[in-house]
Amino acid sequence: MKKVLITGGAGFVGASLAISLKQDHPSWTIISLDNLHRRGSELNIPRLRENGIQFVHGDVRIREDIEGVGAFDLLIECSAEPSVLAG
Ligand SMILES: NC(=O)c1ccc[n+]([C@@H]2O[C@H](COP(=O)([O-])OP(=O)(O)OC[C@H]3O[C@@H](n4cnc5c(N)ncnc54)[C@H](O)[C@@H]3O)[C@@H](O)[C@H]2O)c1
């Protein structure tokens, strides 16, 4: 069984990828970690849970948040401040 950690996993790309991976590989454990910095990203949490994806509130800049997830086979980094103006 694979365990996949998707950081920024409540964002547009991260959540879409998490759901797609889970649908293609139902036996995999998919964890979406996100600090919910982007307003509206919290609206994806129910959708993630409905699709069997674990949500973890955490920040990629905080080592303990990543280590708290435990060992994983693959990390896909999708966290970002994608807005040019905000950035
Ligand atoms: N949306 C697109 O069509 C598209 C196309 C090409 C490339 N990209 C790139 O993909 C990346 C993600 O884009 P998106 O559209 O999903 O943006 P998004 O804002 O929807 O998702 C980014 C997520 O990262 C989270 N985040 C921000 N800082 C964090 C931190 N320190 N720790 C944990 N989580 C954090 C935010 O809360 C948000 O949920 C960006 O780099 C973007 O440039 C997006």
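Analyst: Let's start with overall size: for 87 residues, a compact globule would have a radius of gyration near 12 Å, and the protein agrees with that at 12 Å (taken over C-alpha atoms, with the globule rule being 2.2 Å times the number of residues to the power 0.38). Bear in mind that this is a predicted model, where local features need pLDDT of at least 70 and side-chain atom pairs count only at pLDDT 80 or more, while totals for chains, interfaces and linings use all residues. Numbering starts from 1 along each chain as its sequence is written. The C-alpha trace spans about 40 × 25 × 20 Å along its principal axes.

You've got three helices and four strands here, in the order β-α-β-α-β-α-β from the N terminus. These are DSSP runs numbered from the N terminus: H or I over at least four residues for helices, E over at least two for strands. Of the 87 residues, 26% count as buried, meaning that 20 or more other C-beta atoms, placed from the backbone, lie within 10 Å of a residue's own; 12 or fewer makes it exposed, and in between is partly exposed.

Now the sheet. β1 (residues 3-7) has four of its five residues buried, so the rest of the structure largely encloses it. It runs parallel to β2 (residues 29-34), with five bridges joining the two; strands pair if DSSP finds at least two bridges between them. To get from β1 to β2 the chain goes through α1 (residues 12-24), and the β-α-β crossover is right-handed: with the strands pointing away from you, the path from the first strand over the helix to the second runs clockwise.

β1 also pairs with β4 (residues 74-77), in the parallel sense, over four bridges. There, V4 is partnered with L74. If you're tracing side chains, remember that in a regular strand they alternate between the two faces of the sheet.

Over on β2, five of the six residues are buried, so this strand too is largely enclosed by the rest of the structure. β2 pairs with β3 (residues 54-57) in the parallel sense, again over four bridges, and L33 meets V56 as its bridge partner. The link from β2 to β3 passes through α2 (residues 45-50), and that β-α-β crossover is right-handed.

Past β4, have a look at A80, which lies in the segment after that strand. A80 counts as partly exposed because it has 16 C-beta neighbours inside 10 Å.
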